[in-house]
Amino acid sequence: MSDIRHALLRRDPLSAAKEVLYHLDISLGSALQSSSGPTPGLEKSTVDLVEEFIFHVPKDRNIQPKRMSCVQELQLLEIMCSYFQEQSKDSIRQIIFSALFSLQGNKADESRMAMLGKLVSMAIAVCRVPILECASTWLQRTHSAWCVRLAQVLMDDYCTLVPCAFSTLQNICSASPRFCCQLITAVTALYDFSSDELTPPPALLEMLVGWITEDPRLLLLTFINTPLNSSLPLGCLEITPLLGLLRWCVKAPLAYQRGRKLALTNGHGESEKGTAHEELYSKLHLSVLQVFLMLQVHMTEQNLIGRLAVLPVESVATLVEEVSRLCEKLTPLSAANHIQLALDRLAQALQVAMATGALLCAREDLRTLCSRLPHNNLLQLVMSGPVVQPPPHSGAFQPNMYPHIHSGRPSPLSPHSPHQSTLPPHPVLSAHPTHRPITAHTTHPSLSPHAFHPAAMAFPYRPIR
Amino acid sequence: MSAQGDCEFLVKRARELVPQDPYAAKAWLITARTLYPTDFNIQYEMYSIERNAERTASAGRLLYDIFVNFPEQPVVWREIAVITAALRNDSQDKHAQFLKGVFETLPGPVQCKMLLKATEQCFNTLEKAEMLLLLLKRFPESVVQHGVSLGESLLEAETVEDLDTPVNCFRKLFVCDVLPLILNNPEMCLPVSLLYKYMHKAAEFYICYVTKEPSADGQIQGSQEVGGLKSPGRGRSQHVVIDGLSEKSSVVTEPWERLLEMLCVVGSLCDWQGEKGSRSYSELLQRVTELCRYMSAADGEGFSRCCGQIVTCCSLVLFHCAFHYVSAVQPSLFQGHGALSASPWVLLEDLSSVYTDVEVERKHAHKKRKLADGREKTMSSDDEDGLAKGRGRHIVVNNTEMSSWTETLEHFRTARESWDLLHSHQSLETEFAKICSAWKTEMWLWFRIFLTDMIIYQGQYRKSLSSLALMSSLQNQQNQNSLSNSSNLETHRAIIQQASCHYALGEYRMACEKLLEVVAGLTPQNQDAVKSIEEQRKPRSKARKGNDLRLVPCTSKSILPFCLQLMLACFKLRAFTDNRDDLALGHVIVLLQHDWPQGENLFLKAVDKICQQGSFQYENFFNYVTNIDMLEEFAYLRTTEGGRVQLELLPNQGMLIKHHTVTRGITKGVKEDFRLAMERQVSRCGENLFTVLHRFCINEKIILIQSLP
């Protein structure tokens, strides 16, 4: 190995990097063929080579590695681009990508991220689908902090630096919906309304709403294509962008209200822009609710209802916490409408998520969760649950009976990995141990979402109207 | 707080939000539905939003939900009624199109169920039928179950409502919509008798539709006429509006073609012999004629089996061709007031041989009369003679006046042949009579017109006269109904035909009476205009014999000359008998002026007769004779060279002569009067001869009729 290293050291940085890529391809390719195991491990020496000659981390105190010029770096990116484009084997492509860009928790990670950002940005610009697919897997397996950083790079490139290139990003959706799904999750994690800078740029919002209304199933792509038994690392992004988008929809009225307050003191109102946003958020919110309904169909088909928390209670709790803090900051008089809108949305989302089995939470817990929020009629109704009616017939609304007479476009959602019969505990579930209902519901997997609220638990007070 | 209160609150919030933020409204309703999945109002509100925004797919999806989950809600039924109503009518408006689109998004079984349910809700037979028809059209498999019963219910409705015409909404639906579904469904297995019944119902509808009197308002027709109609069956279909149907759904395009297609389908279902789907009516007749010839040679049983086929096909050919003939001959009958300019045509004896020598003619006429009379008395035995005679007859048409005369005559011929075929065998005749009585064809004026012409053609003049009488009674009925005064020419048409028949029967007095009745209503035309037409005809007229027929436009221009010829023909025989009849001879001379010098020979013959008689008395001479040649000849007759013929041509002259025979000099005064009259007459030479002869007919009507036996 050190022979290779010595040889490489004599070369110019670009050809050395190329050489490492070549070496990587050969060694991993042959390892993949010979080994019968799932994934061949990466040899330490190879990792070192990659770090030294591609990410230029000094390995030897004496030898300062030659850095590439900007042009050389661009050439290297091009080489990588065409390598991934031409590599026909999906598994090799994935392994090489992860060998290059999986974070190792060392000092090479910074340059790794820098290179990755440039590569993905380039792949978007020239529409290299294989790279985008690899990137979407990366976004799934990497800690959300890094994902947010990648999202930040892309947003800087496409929103801030060259806004006119935005349409390129927009068109990516049809090329790699999987990537877009993960990107949405990442950007919702990035823009959390905690400050003006972290308010979603209008163009981004419009693009996302466009994508989602075009085909709401986009939001479920990652979820549906993730095998239930695959273990995801801690701290990775949510499995769907649903919570992130919900956060946007709920916090937007409050945050823009906060922004308006500032704008008013600065002397220029942005009321027109404001209404455009309002409509987009309203549309987005509706889409989120509709996606919950789709999710229910899917989970019912897969017999997952009650076994899998698509919306983790902790995350919801965090959101409720944030909302309640935002509300407190606003003067209730001038912002009453906005607070009510935010709470309406929150209540709707909570109700629909519970009803569709995306949120596994009893109404009792919900009441505790939302106790600090200002009063809202719908929220009250949701917390107390429906007045139990003597069921005339079927009971729960069953959207899945509808025969599909119009087959939509070939759905990337359709083929679920065929291992549902024996259901292992879902990693997401195990990662986030939820409240009490899980055991209760595994015994009644086909029960309607209303079973979450036993009739005995009648809430003492009703909404004020 | 009740569940209902919750639901009302949720729906109210959503409804408030619809105008300003429809997305939020929907979000509310989605939430509401998850809270109260069995509440109808929430889901109906969702549907309403989508419907009002005309979003087809989502509206359809929600309609499906409420249809499946709340089948008993009256609101759902009202909605379905609205949608199915949109499906039934052919409105092109956007909302109706949307509703149709919504229906299309529903899965087949739901559509089927919806239509059936909607049908149950209809109390009106027509609506119910239209609804069921929607079902049958969409789901051919339901035809087997519902097709025949639907058809029968329509036919029954027709009887119950006691409609006086087969062109009614029920029949239209039955024939144009239900029947094709039944006939074209391979799963259906109908008994032959039912197929015949349906076929006849369809035929009656199509024929009556085509021959229906045009509706009263002339504007529509006027605009339709611009399109330049060639075939009368085509294009006119727009005029008829069927009671209970919209103008658009009243339209039946290409009725004759539809009928023929249906006949082919029924033919194949009934396993008709030799029927391979005829492309035209004449082809159909050919096939049936062959079959008939073949079958009559075979056993009787086989014949009766084919009877239905022969009669059905043949009667359709008959009505098809008769219709086309009549629509050419009497266009106003079908084309309404807009077509008044198109005059009727009338089938008459050809009289262009009237100027030929009387000797030949007389023999001929005697024979003809004998034939005609004999035929009337011994119809059956003499029939063949009549038919044989009839078949050979030639019909003269002025082809500059009727452009499509070959077609018209062809239709006339084919119709006659079909008729003959239908009457060539007792069982065929019986079967055909059944159809006729079921359809009440005796009430069809247009068909009576054809029958009359056919009988005239066959030379059965006595029968023609009774047919003409029937025709005028039908005409009167029709005029009473439509209150039109347009029928003047049509009445003329019948009377002239009567005159022509009376003449052919040798009943000259009756003939004259009838034709003078017509002449009274005519206005004399400019002489030159007529001349030119007469001129054109001349070269052809020579080769023909006396037995021909002529198809003449029923206008003053063409009819007045015919009347004059017919009168001449009536008087000619009488004038040239051995007995002296100066009055008849005088009338002949007056009439010979027309078409001069065609009648020159006859005139000379008359002059000869006068010379032989040595005297001639005709007091109207100077009133009506303006022909210079004639005047010259008469002036000459008085001279010594001319034979000193005693001419008493002035009114009361005879009295004078008798009175003054003894005294010389008075005759001189008479001579002077004659000379003056002659001179005055010469100055009248330029007068319009038609005006003179028209006046002759009107003023001398009584004397003319009286002078015939």
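Good morning. A:Val20 is found in helix α2 of chain A, residues 13-34, where helices are DSSP runs of H or I with at least four residues, numbered from the N terminus. This is a predicted model, in which local features need pLDDT of at least 70 and side-chain atom pairs count only at pLDDT 80 or more, while totals for chains, interfaces and linings use all residues. Residues are numbered from 1 along each chain as its sequence is written, chains are lettered from A and ligands numbered from 1 in the order in which they are written, and side-chain values use heavy atoms, with hydrogens and water left out.

Is A:Val20 buried or exposed? A:Val20 counts as buried, because its relative accessibility is 2%; buried means under 20% relative accessible area, exposed over 50%, and partly exposed in between, with a 1.4 Å probe and protein chains only. Beyond its neighbours within four places in sequence, A:Val20 is in contact (heavy atoms within 4.5 Å) with A:Leu8, A:Leu49, A:Val50, A:Phe53 and A:Ile54. The C-alpha atoms of A:Val20 and A:Leu49 lie 6.8 Å apart, although 29 residues separate the two in sequence.

I turn now to the cysteines. Over all chains, the structure holds zero disulfides, a disulfide being a pair of cysteine sulfur atoms within 2.5 Å. A:Cys127 is in no disulfide, and the nearest cysteine sulfur, in A:Cys180, is 9.8 Å away. A:Cys127 is partly exposed, with a relative accessible area of 35%. A:Cys173 counts as buried, at 15% relative accessibility.

Terms used
Helix = DSSP H or I, 4+ residues; strand = E, 2+ residues; numbered from the N terminus.
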